[in-house]
Amino acid sequence: QTREAREREIRETWKAARTEADANRKGALLETLMQMLFRSIPGFEYATSNRENELEEIDVLVQNASMDPFWQKEGSYLLVECKNWSSSVGVPELKLFRQKVEDRYGRSALGFLVSTAGYAKTVKTEEWTRRGGRSLVVLLDDKDIDALIAAEDRNAKLKEFHLRAVVADKS
């Protein structure tokens, strides 16, 4: 698949994820989109969706094969949780996802929580007050997805989002 065809498919999938009426299909489209976006970044090509066992589901699991020293320290796997809801995501979802990241036998230190409807104000407070430990959850909303899709260098854009999470930026 050419880069142009991949980018067109990404844009079409995002448009469909935003306009789909069926909740299950809407969620699946966002997961597909995030999988495609991560696969477009060198070292993250091995992204799979809907990894599931008796206890949990992981929306997108990204094998971290990046040669970039920045990403290498983040563990063997990155986790992506997608919430294509009509309402904002709250602290319980953040805590549950953070626990998923931490429960990977020390093989994951980084997760991306994607909420197209944004986050409750309490999520930012939780994020600011819980800065200890090894794991980091990067919050992404619909504007961030737009920026990631439009970015000429998605690796650099993802690093910007990572920095924002590390310094608990209010934006």
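1. The model is predicted, so local features need pLDDT of at least 70 and side-chain atom pairs count only at pLDDT 80 or more, whereas totals for chains, interfaces and linings use all residues. Residues are numbered from 1 along each chain as its sequence is written, and side-chain values use heavy atoms, with hydrogens and water left out.

2. Helices H2 (residues 23–39) and H6 (residues 142–150) have axes that come within 11 Å and cross at roughly 40°. H2 passes H6 in a left-handed crossing. From H2, Leu30, Leu33, Met34 and Leu37 make the contact, and from H6, Ile145, Leu148 and Ile149 (contact means heavy atoms within 4.5 Å). This contact of H2 with H6 has seven nonpolar residues, no polar and no charged ones.

3. Helix H1 (residues 3–19) also has an axis that comes within 11 Å of that of H6, with a crossing of roughly 165°. That makes H1 roughly antiparallel to H6, and their crossing is left-handed. Glu7, Ile10, Arg11, Trp14 and Arg18 of H1 meet Asp142, Ile145, Asp146 and Ile149 of H6. By class, the contact of H1 with H6 has four nonpolar, no polar and five charged residues.

4. Gly133 belongs to the loop between helix H5 (121–129) and strand S5 (136–141). Gly133 is exposed, at a relative accessible area of 70% (exposed means over 50%, with a 1.4 Å probe and protein chains only). Its C-alpha atom is separated by 9.4 Å from that of Ala109, 24 residues apart along the chain.

Key
Axes are lines fitted to C-alpha atoms, for helices over the stretch in contact, and angles run from 0 to 180 degrees between N-to-C directions. Helices (H or I, at least four residues) and strands (E, at least two) are DSSP runs, numbered from the N terminus. A crossing is left-handed if the near helix is turned anticlockwise from the far one by less than a right angle, and right-handed if clockwise. Ala, Val, Leu, Ile, Met, Phe, Trp, Tyr, Cys and Pro count as nonpolar, Asp, Glu, Lys and Arg as charged, and the others, Gly among them, as polar. Buried means under 20% relative accessible area, exposed over 50%, partly exposed in between (1.4 Å probe, protein chains only). Angles under 35 degrees count as roughly parallel, over 145 as roughly antiparallel, 65 to 115 as roughly perpendicular and the rest as oblique.
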